[in-house]
Number of protein chains: 2
Amino acid sequence: MTDLTTPDRDPPPAAEETGARRRVVVVGAGFGGIEAARALAASDVDVVVIDRNNHHLFQPLLYQVATAELSPADIAWPIRWILRGQDNATIMMAEVRGVDADSRIVRTTAGDVPYDYLILATGAAHAYFGHDEWAQAAPGLKRVEDATGIRRRLLSAFELAEMTTDHDRRAALMTFVVVGGGPTGVEMAGAIAELARRTLARDFRHSDPARARVLLIEAGPRVLGTFPEDLSAVARRALERLDVEIRLEAEVTMCDRTGVDIGDERIEAATIIWAAGVAASPAAGWIGAEHDRAGRIHVAEDLSVPGRPEIFAIGDTAAVRWQGDRLVPGIAPAAKQMGEFVGRRIADRVACRNAEAPFAYRHRGDLATIGRGAAIVALRRLHLTGFVGWVFWSVAHVYFMVGIKNRFAVAIEWLWSYVTSQRGARLITGSDS
Amino acid sequence: MTDLTTPDRDPPPAAEETGARRRVVVVGAGFGGIEAARALAASDVDVVVIDRNNHHLFQPLLYQVATAELSPADIAWPIRWILRGQDNATIMMAEVRGVDADSRIVRTTAGDVPYDYLILATGAAHAYFGHDEWAQAAPGLKRVEDATGIRRRLLSAFELAEMTTDHDRRAALMTFVVVGGGPTGVEMAGAIAELARRTLARDFRHSDPARARVLLIEAGPRVLGTFPEDLSAVARRALERLDVEIRLEAEVTMCDRTGVDIGDERIEAATIIWAAGVAASPAAGWIGAEHDRAGRIHVAEDLSVPGRPEIFAIGDTAAVRWQGDRLVPGIAPAAKQMGEFVGRRIADRVACRNAEAPFAYRHRGDLATIGRGAAIVALRRLHLTGFVGWVFWSVAHVYFMVGIKNRFAVAIEWLWSYVTSQRGARLITGSDS
């Protein structure tokens, strides 16, 4: 067998010098990383995909795990299984500690991995704007464990509200605050309101989940700020129909386990969910690259890192200009396009083919869903809302899922949930650490 | 609203004295507890079901969660949802700390709960025969968290084996020991062997999961010791076809995170699963009742606790004689029969109907499954094996599940898994504490 790691020896000579087969290391198996690996399937290289998890996650639906609609396994697939047919790909489950860019070595918890080309596809976390201590009180939604943790907090709040006799305590337990009015925040707030007002409505004897308070706090002047204005207004009305209280141009100034401050106003809430701000992974620091305030690497036109033509950054790890001063948005289709572009660019270089065209992002549209049977779809010319939008949204999401069985399972969950207003995954598991 | 708990006052007078509505408290929402609550649906009593989880668990399939076949939500339902139509039932998610039997009060983490009748349906854990320190190295399989924890260890072992270059370490990582040859141990060993030899076979590049070693260690002279001997032999052959090494009359004398000792023999193994021995919950201690070595309460013919006619113990919490010196087995149908019996007995007493017949257990049969498309079924006269047994086993298990959607979801998982040899829930989540 080949030894992937080189724990006790000097870095090997670069492949160019020895004529050996080139190795492409991809860090992160999100949408971008998987697409990059796939684009190298027919190329004469070894691909090593490193991820700290064993699974690729369909992140756009993670909020449905957090709100008890789907199981984690419905939206996650083993990376090995996705790439099982690609003989030149090896998967390593390990955490990256750093990169020695001069010696071309990735340092991981499972040893050192030399590379000829490196693709950084490490994704993003939520930004707490300098208040990382808020993360404990107001978890974000990036990993499976985040989603099952939020699910535990949401469902436990209703359980505790049923048992308490203290009026103020019950009011705080029945108050749910979502910070951030982008797609994740809007979808989350809608899903929580539906959970309370429909799914749980009949199940309690002493408290009334239907009267739960759901607040959505947004610093900007409207929800879904990156969407066209008419759709933003539709989303707002849909949320208001679910009795979600929307606070615009409101900034969270403090946040702990008992509630949030918005300027002078205190809102007592046992459950706070953070869906605001973006902070890239520490990848820029690993290679000492220039980055923006959110940690995204300033890449060249071909998505390579200036001065390091063998290192590429894609997806949420990269700051890529689009339409003048805007950035390519941090959504799955963008990451996939970058992954495919970089994979092909490396394949061209290895095969000594000339390729000069810069990366060009094609924006296909924006999607968001607000509760049962309603969604917002903004394609280039076409704007869909309400039930028609929801059907489009459902078909699109099921279509883009990886595994055949999961597509089918998710479709059944949604159909069942739509017909019965019930949810398939109302489990409280684990415990807060 | 009614206050369920009485945090700051003296216990209320017994209902007999005041003429108030009687309250039946059920501790534990397993098969027995749910059935007892249901049997009281039409009765003029208040039913309070207390469980530390928010869900009822279909425990016979928990090993399939541990081996990545099913998701936790496929085999768990919110207790509230199960009893949503029963207006006289209230659910409390709380941990029981003890019982004050003289004052008729259950002490819980959510306050004190007075009762007129008490049903103890608290289930069992695995017994480590005085070596509770082995639990860390060799987890048992009783709760959802146990199953996802074992799944994490199983799948991580294959991941680590792929990355190590140390021959001995890889051998230990690829060795899986199951302790206990009852139905859970047999099903677990079969499922692990299948996971390695079929599901994962194509997914690794440097290690060969198909060559994993799976050992089943049983202290008695045969596997499935409580089944008829011919079926026990069938199970043994089925396991051997999957290359499971069976060690009979073998006793584990030591157990840690690196392996087990069987007498003088040391087996290096990174993954050990405990499926031996039964220890009842601490319920006997709460009420100072007489119990057997495994902690099961010695109950009267009507399943009440001697000297406490208002307290009943059912399921794995009770030691109930059957066929001379045997005990009623610790299986779901037995717990359900006891739950229904006790529920009806209390309903009779409250309605002042005379009921003298003792509890009589009706044994319907034994079931176990060994890998894909093979099962052992022992009904009274009928013994089924192989594919016919597997179909019977599948239909029986799907039939006895609670929720319509879950039946459907599980049937689809099994069909998909049977056809493709794949598994739907290969997720490594959380971390060992």
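## A loop residue in chain B

B:Leu224 sits in the loop between β12 (213–217) and α8 (229–241) of chain B; helices are DSSP runs of H or I with at least four residues and strands are runs of E with at least two, numbered from the N terminus. This is a predicted model, in which local features need pLDDT of at least 70, side-chain atom pairs count only at pLDDT 80 or more, and totals for chains, interfaces and linings use all residues. Residues are numbered from 1 along each chain as its sequence is written, while chains are lettered from A and ligands numbered from 1 in the order in which they are written.

Although B:Leu224 is not a glycine, its phi is positive, about 50°. Most residues other than glycine have a negative phi. B:Leu224 is buried because 25 other C-beta atoms lie within 10 Å (buried means 20 or more such atoms within 10 Å, exposed 12 or fewer, partly exposed in between, with C-beta atoms placed from the backbone).

## A loop residue in chain A

Over in chain A, A:Glu249 lies in the loop between β13 (244–247) and β14 (252–256). Its phi is positive too, near 45°, and A:Glu249 is not a glycine. A:Glu249 counts as exposed because it has 10 C-beta neighbours inside 10 Å.

## Where the chains meet

Chain A brings 40 residues to the contact and chain B brings 40 residues, with two residues in contact if their C-beta atoms, placed from the backbone, lie within 7 Å. On the side of chain A that touches chain B, the elements giving two or more residues are β4 (76–78), α4 (79–82), β5 (89–93), α5 (144–163) and α12 (404–420). Of these, α5(A) gives the most, with five residues.
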